[in-house]
Amino acid sequence: MTDLRVGIVGVGVMGADHAERVARRTAGARLVAVADPDFARAEALGKSLDVRVVEDPLDLIAADDVDAVILASPGFAHAEQLLVCLEHRKPVLCEKPLTMDAASSLQVVEAEHKVGRPLIQVGFMRRFDPEYAALKELLDSGELGRTVMLHNVHRNKSAPVTFRSEMIVRDSMVHEVDIARWLLGDEITRITVHAPKPSGLVGDGVLDPQLALFELANGTMADVEVFVNFQVGYEVRCEAVAERGSATIGLGSGVFTRAGGQWGGAMPSDFRVRFERAYDIEVQRWVEAAARGGIDGPSAWDGYAAVAVCEAGIESLTSGRPVDVDLADRRKVLG
Ligand SMILES: NC(=O)C1=CN([C@@H]2O[C@H](COP(=O)(O)OP(=O)(O)OC[C@H]3O[C@@H](n4cnc5c(N)ncnc54)[C@H](O)[C@@H]3O)[C@@H](O)[C@H]2O)C=CC1
Ligand SMILES: O=C1[C@@H](O)[C@H](O)[C@@H](O)[C@H](O)[C@H]1O
């Protein structure tokens, strides 16, 4: 079988990481082109990986020698670029968030539905992380009884000063939104987001950290602390509490030592280190699915549902009150 010819749109932190992954360690795929409005950045990467550089992202999507696309552009660019991928019937792995608001995400879901087959996979890579996958398998086995709630922690070492309060919901908490829907097996119907007095180490007016509570249609609940300027390192934990026991993941990153009266281990510096294996598996499986013309992971609907929850979360952060999630009826949209 010939290699899937992949083009990458947006080659900042995540796009450059995916470019390296596709070019050097993904079987069945060949990186053929990169595009970024920051042409100098794209050119430097294109040169180092020996691939074509395209100035306009929409030209890359349309190019005849690109079979499938990875969108690692900023969220504000996703809606238009996704619609162009659909127009050209190109499988696309789109980094989260799907789009910036629920209305445009729903338009994307509807446009994909009109095409008649799933072409959009959303970059919720945690579903491919071996620890999260093992937790899901354990919970689904029923060994611990019915799962009743999740406690999550999501801490980044630091975030740029431009990372505002609503971005903490839309760009960071969105991962727990997806994980809660996936592990607990239902839609989130209500979200409350609170913020304590902010850390003194964050930009003026930025509400960091935040504490959120998700209520799901099946009566389960999940909480999450998101703290994007934690200073220490990258830490993502999840404890699932079930009727007959609990299970925690995220403690074992790096070498976990007990010595000299101390316990602990190295902390990863950021998501590229902690979730390296998850991104590798995600992209490998997406390449295999895209070569068959489809997806193998979180769908456009998953992306839309997460955006709808985050939109309600941003409203809750502002009002301090629980906000019901306004989600379209899946059966009506997808038939
Ligand atoms: N799954 C995950 O763990 C992570 C996902 N992300 C997601 O990846 C995407 C990119 O984020 P980063 O790489 O951190 O951002 P970044 O700011 O490092 O890079 C974004 C790149 O996109 C380019 N760009 C700007 N406008 C564009 C447009 N209209 N079309 C194409 N490219 C454009 C910029 O010049 C820049 O090179 C976002 O959707 C973000 O939420 C980011 C970090 C981790
Ligand atoms: O998606 C990601 C970033 O965009 C976001 O800014 C970080 O908070 C997350 O940990 C990372 O996984």
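This is a predicted model: local features need pLDDT of at least 70, side-chain atom pairs count only at pLDDT 80 or more; totals for chains, interfaces and linings use all residues.
Trainee: How many residues of domain 1 are in contact with residues of domain 2?

Mentor: There are 20 in domain 1, and they are in contact with 18 residues of domain 2. Two residues are in contact if their C-beta atoms, placed from the backbone, lie within 7 Å. Residues are numbered from 1 along each chain as its sequence is written, while chains are lettered from A and ligands numbered from 1 in the order in which they are written.

Trainee: What makes domain 1 and domain 2 what they are?

Mentor: The bounds come from an automatic or database domain assignment. That assignment gives 4-125 + 277-299 as domain 1 and 126-270 + 307-334 as domain 2. Their C-alpha centres lie 25 Å apart.

Trainee: Why are β1 and β4 called a pair?

Mentor: Two strands pair if DSSP finds at least two bridges between them. Four bridges join β1 (residues 4-9) to β4 (residues 68-71), so the pair meets the definition.

Trainee: What is the order of the strands in the open sheet?

Mentor: Its six strands follow the order β3-β2-β1-β4-β5-β6, with parallel pairing. The edge strands are β3 (52-54) and β6 (120-122), as each pairs on one side only. From one strand to the next, the twist averages 25°.

Trainee: Which strands does α1 lie across?

Mentor: Helix α1 lies across β1, β2 (29-35) and β4, and runs at about 150° to β2. Angles run from 0 to 180 degrees between N-to-C directions, and axes are lines fitted to C-alpha atoms, for helices over the stretch in contact. Helix α2 (residues 39-49) also packs on the sheet, touching β2 and β3, and its direction makes about 155° with that of β2.

Trainee: Is the crossing of α1 and α9 left-handed or right-handed?

Mentor: It is right-handed. A crossing gets that name if the near helix is turned clockwise from the far one by less than a right angle, and is left-handed if anticlockwise. The packing angle of α1 and α9 is about 65°, with their axes 11 Å apart. H18, R21, V22 and R25 of α1 make the contact with Y279, D280 and V283 of α9.

Trainee: What makes a residue part of the surroundings of ligand 2?

Mentor: A residue is near a molecule or strand if its C-beta atom, placed from the backbone, lies within 6 Å of it. Ligand 2 is surrounded by N156, D171, S172, H175, V228 and F271. Helix α7 (residues 165-184) gives the largest share of this shell, three residues.

Trainee: How does that shell divide into nonpolar, polar and charged residues?

Mentor: Two are nonpolar, three polar and one charged. Ala, Val, Leu, Ile, Met, Phe, Trp, Tyr, Cys and Pro count as nonpolar, Asp, Glu, Lys and Arg as charged, and the others, Gly among them, as polar.

Trainee: Which residues come nearest to ligand 1?

Mentor: Of the 23 around ligand 1, those are G10, G12, M14, S73 and E95.

Definitions and conventions. Helices (H or I, at least four residues) and strands (E, at least two) are DSSP runs, numbered from the N terminus.
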